[in-house]
Amino acid sequence: MNLRDRSYIALDAENAYKAMDWAKDVSGVFGYFKVGPILIAQVLKTGVPVIGLLHEANPVDNGNVFVDNKLHDTPATVYQTVKEFCGIYAVSMLTIYIDEEESCREAVRAAIEAREGHKRVGKNGIYNARRPKIIGITELSSSGKFDINAVMKKAELAKKWGLD
């Protein structure tokens, strides 16, 4: 596996068109693209199908788009959101925010249930394509604080709860 197959680049652009330009410029170097809530909002605003276009710009089996949406909502909303993203073949990974609350554990459980309940059709027409990974976000960099003990505790919870 070469570096390109393990490298992500954040496409935190001010609009969908700029993100697509960046993706085209770096697709030979980076194998995967990270999109966040701002770019997803741009998709809704402009109607540009960025996730699908990113996959076309750099086709990778089982998806090449890391959706950094930092889900933090009710279990029902998390379930439906994960289910919808699992239906987009280009999506390879999603994020969910981790905290110690019972509601967070239930949301993680809902995310895993939604992913496991979704079948992806592979290139061979059989339901065997890999589903997206779901990883936990233990601390937001914008919070301005960093407590390694708290981060490690949340990471242990994420692993215990079954996240990737």
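Modeller: Happy to; we will take a few labels in turn, keeping in mind that this is a predicted model.

Biologist: How do you know that the side chains of K70 and D68 meet in a salt bridge?

Modeller: The cut-off is a Lys or Arg side-chain nitrogen within 4 Å of a carboxyl oxygen of Asp or Glu. Here the N to O distance is 2.9 Å, so the pair counts. Both residues also belong to a network of salt bridges with D12 and K34.

Biologist: What makes the pair K153 and E100 a link between distant parts of the chain?

Modeller: K153 sits in helix α6, while E100 is in the loop between β4 and α5, 53 residues apart. Their salt bridge spans 3.2 Å, N to O.

Biologist: Why are β1 and β5 said to stand at the edges?

Modeller: The open sheet has the order β1-β2-β3-β4-β5. β1 and β5 each have a single partner strand, so one side of each is left without a neighbour in the sheet.

Biologist: How do you know that β3 and β4 pair?

Modeller: Pairing needs at least two bridges. Four bridges join β3 to β4, so they pair, and the two strands run parallel. In β4, L94 is the bridge partner of V67.

Terms used
Residues numbered from 1 in each chain as written. Predicted model: local features only at pLDDT ≥ 70, side-chain atom pairs only at ≥ 80, totals over all residues. Heavy atoms only, no water.
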